[in-house]
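Subject: Handover of a structure and the findings on it

Dear colleague,

Please find below the structure that I am passing on to you.

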Amino acid sequence: MTPRRIVTLETPELLAQHVARFIADAIAAKPDRFTIALSGGSTPKRLYEILAAAPFADSIPWERVHLFWGDERLVPHTSPDSNYRMTCEALLDHVPIPVANIHPVPEGLAPEQAARQYEQALKTHYGSEALNAARPLFDITLLGLGENGHTASLFPDTASLEETRAWVVPVIENVPQPRLTLTYPAIASSRTVAFLVAGGNKASVLRRVLDGDRTQPAARVTSVGDLIWFIDKAAGG
Ligand code: 6PG
């Protein structure tokens, strides 16, 4: 059973500040390469902006940090819908992270081709074709929670929920636009899975997920390490 913790902060701002400190401390505590799977959507934007400012921008050893995305919309990187673009504007354009350490989902490819190419990038980074629980793929995987219980792009009623071998799959059906997502096995290969959930509109779905309602995709996320819910008071209900 994955150890699970719930950390509640008073406001979205205090939540973002707390998670920024958590990430910075985790990077500082590990002497070598630190790999993060970033979340998309709107909730993490403020977190990324805080990481792009003092004291984090100048103190985090960005040369040791590698960034992937837990999911991406299959749109050009310049699209307002792109998680990569959001992250560039909030964080990447403001910190001295080497370009080689930034691993966006490739653009302009057919969904299956993009999934295969992105999975290969992850396997090359990891150094093996097979995940080993003793050596997690990610140090931290950041995840959000949608009001329909999705996380990353693991949406209800999609084949992505049943994928047990691939690390990355396209999600075409039952989603607002074609996406790529990490699968449950890839997400589970994390020292820490950190959900970031804010807002009263998430209170109902969060309660169902925390109660273990497995009809909610987010409730099926596991971690070989820690699994922490960082939430604000409003989402906590
Ligand atoms: C995405 C995200 C998605 C997000 C949830 C919550 O690409 O949209 O990865 O899983 O985390 O939809 O989105 P908000 O933070 O905007 O509520």
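A polar contact is a pair of N or O atoms within 3.5 Å; inside the protein, one of the two must be able to donate a hydrogen and the other to accept it. Please also bear in mind that this is a predicted model.

With that cut-off in hand, I begin with Ser 39. The side chain of Ser 39 reaches the backbone nitrogen of Gly 144 at 3.4 Å. Ser 39 is found in the loop that connects strand 2 (34-38) with helix 2 (45-51). Is Ser 39 buried or exposed? Its relative accessibility is 9%, and Ser 39 therefore counts as buried. Leaving aside residues up to four places away in sequence, Ser 39 touches Pro 44, Tyr 48, Met 86, Leu 142, Leu 143 and Gly 144.

Six strands make up an open sheet, arranged in the order 1-9-8-5-2-3 with parallel pairing. Strand 1 (4-9) and strand 3 (65-69) stand at the edges; each has a single partner strand, so one side of each is left without a neighbour in the sheet. From one strand to the next, the twist averages 20 degrees.

Strand 8 (residues 190-197) and strand 9 (residues 226-232) are paired in the parallel sense, with six bridges between them. Within this pair, Phe 195 has Trp 229 of strand 9 as its bridge partner. Helix 1 (residues 12-29) packs on the sheet, where it touches strand 1, strand 2, strand 3, strand 5 (138-143), strand 8 and strand 9. The direction of helix 1 makes about 155 degrees with that of strand 9. Helix 5 (residues 111-126) lies across strand 2, strand 3 and strand 5, and runs at about 155 degrees to strand 3.

Finally, I come to the ligand. Which residues are closest to the ligand? Of the 16 residues that surround it, the closest are Ser 42, Thr 43, Asp 71, Ala 152 and Lys 202. The side chain of Ser 42 has an N or O atom 2.6 Å from an oxygen atom of the ligand. For Thr 43, a side-chain N or O atom is likewise 2.6 Å from a ligand oxygen atom. In Ala 152, a backbone N or O atom lies 2.6 Å from an oxygen atom of the ligand. On its own the ligand has 410 Å² of accessible area, and the protein covers 88% of that area.

Yours sincerely

Key: Residues are numbered from 1 along each chain as its sequence is written. This is a predicted model: local features need pLDDT of at least 70, side-chain atom pairs count only at pLDDT 80 or more; totals for chains, interfaces and linings use all residues. Side-chain values use heavy atoms; hydrogens and water are left out. Helices (H or I, at least four residues) and strands (E, at least two) are DSSP runs, numbered from the N terminus. Buried means under 20% relative accessible area, exposed over 50%, partly exposed in between (1.4 Å probe, protein chains only). Contact means heavy atoms within 4.5 Å. Two strands pair if DSSP finds at least two bridges between them. Axes are lines fitted to C-alpha atoms, for helices over the stretch in contact, and angles run from 0 to 180 degrees between N-to-C directions. A residue is near a molecule or strand if one of its heavy atoms lies within 4 Å of it. Accessible areas come from the Shrake-Rupley method with a 1.4 Å probe; for residues, only the protein chains shown count as cover.
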